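Subject: Structure handover

Hi,

Here is the structure we talked about handing over. Please open it alongside this note. My findings follow below it.

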Amino acid sequence: MIFRQAVWSEPLIFEIGFDGRVGFTPPHLDEEIIRVVGEFRLPEEVSRGEPPNLPSLSEVEVVRHFVRLSQMSYGVDVGPVPLGSCTMKYNPKVALKYAFHEKLAYLHPLIDDDYVQGLLEIVYRLERWLEAITGMDYCSVHPAAGAHGELAGALIIRRYHELRGAISVKKEILVPDSAHGTNPATGTMAGFKVVEVPTDGKGNIDVEALRSAVSESTAGLMITNPSTLGLFDENMVEVARMIHGVDGLLYYDGANLNGLLGYARPGDMGVDILHLNLHKTFSSPHGGGGPGAGPVCVKRKPVIGDLTLVDLTPGYRVVFDKEAGGYRVIEPGGSSVGLLRAWLGNVSQLIWAYTYIASMGSQGLRVAGEVSVINTNYFVKRLLSETKLYTLPYDPGRPRKHEAVISVENMKRETGVTAEDVAKGLLDVGLHAPTIYFPLIVSEALMIEFTESETKENIDAYVERLKEIERVALENPGEARRWPQNTSVTRVDNVKANHPKTVTPTWRVKTLREKGVIGPLK
Ligand SMILES: Cc1ncc(COP(=O)(O)O)c(C=O)c1O
């Protein structure tokens, strides 16, 4: 297949257009309406001092700008994006129809419950479905991303120990060294000291190391299962027993649920709290850390008195009021960790996931999980049996779940070609790179996850390219360091690209810098 990405020297949207040019002019208010309602003016105290810095463009300019940008980018609608951990499943188009349905997209969050019974029913049913899928007692769809769900979970752990009067002792959260970076980050944000626990040679949590790390100070453990190595932790039951033995809570990062879907439920493994990534397992778009949805789920575990972990969960809650015969939104109670964002959650993403689950059905979800695991193992088997410089660290004989982490350490040692070069070599033929250099416990890591979306032919094409890359590495490693040449942006100089002088974090920073409000970078 020939691949050449478009190259446009496209300016920023703020750099095109012309002052006063518009793409849409709202109609004038009807005289009759003005006569009855009066002229509407925003109250002074909520009005801006100066107009916002918005670009001034016609509609056609806007459309062309974004179409050109889209021609220079790559997404799951173009080809496979097997980014392990940051899973990009195909996002079925049928969900778009409902997620952005005009009757839902323009609702005001303060609308009376009676007018949005259908929407509330969707949210209510989605939460119940997630409970059935995970085996947990209550799921809240309030958090806006996986990391946000984790923060909710870590705050619930904190609240649990506060209510039990033990927070002055319960100061530590244990996190395996294979964890996604968001685990230690959210544990820290919730005010805990994070203690790293090593992985053993088979890719499980090192139980002996865990035994010496667990103490009366342990507030909880954040386990990811299947782990970021794509392995199911064989010591799960023992881990749960150890943590509960010191009245710690077992937190489960359920972002990798695709590897278990329909086969096993975290709620049956001794888990107290978990979060899900709807954008990883239930097909809503990932969106670069948000806008997503990262529901947090808990067991009805007693806290103190009548309180259980359910009372500690965040956000507004949709309940079914039997007497009134309808759904109601209620505010979080006094023991809850409170509101972590506005309103119910990221509703378009919830509808997306709801549509996916409804269209798949329970059998369909099980098949999705099954196919994703088969895809991973088919890929691993083919790659390892047809090449010699790719290896599978940590118990290579054990089947992987949703993803696999391949190492190119041998390739680097023998030829100088690195994981980064391999990734660029894939980009050069129109295949998205895997996640690289993560998890940190695998050197020269390629973390690959095809999900159920990819066909055998796509996986074969990926293997063929990796074989070709190995051949180039052995015969002409210099060529590998020039990849990619066929993409809109070719090989960049990483030192320059990552230098703070080159990086402009936001447009706001750029304008403030130009106006001299903040100083230039030295
Ligand atoms: C295992 C794991 N945990 C947590 C997260 C964080 O999720 P998010 O990117 O939605 O914040 C991810 C990312 O996809 C993940 O792979």
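Predicted model: local features only at pLDDT ≥ 70, side-chain atom pairs only at ≥ 80, totals over all residues.

H6 and H7 are oblique to each other. The axes of H6 (residues 146-163) and H7 (residues 182-189) cross at roughly 40°. They come within 9 Å of each other. The crossing of H6 and H7 is right-handed.

Three strands form an open sheet in the order E12-E14-E13, and the pairing is antiparallel. E12 and E13 are the edge strands, each pairing on one side only.

Take the E12 side to begin with. E12 covers residues 404-407 and pairs with E14 over 4 bridges, in the antiparallel sense. Ala404 has Ile448 of E14 as its bridge partner.

Then the E13 side. E13 covers residues 435-436 and is joined to E14 by 2 bridges. These two strands also run antiparallel. Ile436 has Leu446 of E14 as its bridge partner.

What about the faces of E14: covered or open? Both are covered. E14 spans residues 445-448. Ala445 and Met447 are buried on one side. Leu446 and Ile448 are buried on the other. So the two bridge partners named above, Ile448 and Leu446, sit on one face of E14, and each counts as buried because it has 20 or more other C-beta atoms within 10 Å of its own.

Leu96 lies in H3 (residues 93-99). Is Leu96 buried, exposed or partly exposed? Leu96 has 15 C-beta neighbours inside 10 Å, so it counts as partly exposed. Buried would take 20 or more, and exposed 12 or fewer. How far is Leu96 from Asp200? The two are 104 residues apart in sequence. In space they are 43 Å apart, C-alpha to C-alpha.

Over to you.

Best wishes

Note on methods. Residues numbered from 1 in each chain as written. Pairing = 2+ DSSP bridges. Axes fitted to C-alpha atoms, helices over the stretch in contact; angles between N-to-C directions. Parallel < 35°, antiparallel > 145°, perpendicular 65-115°, else oblique. Left-handed = near helix turned anticlockwise from the far one by under 90°.
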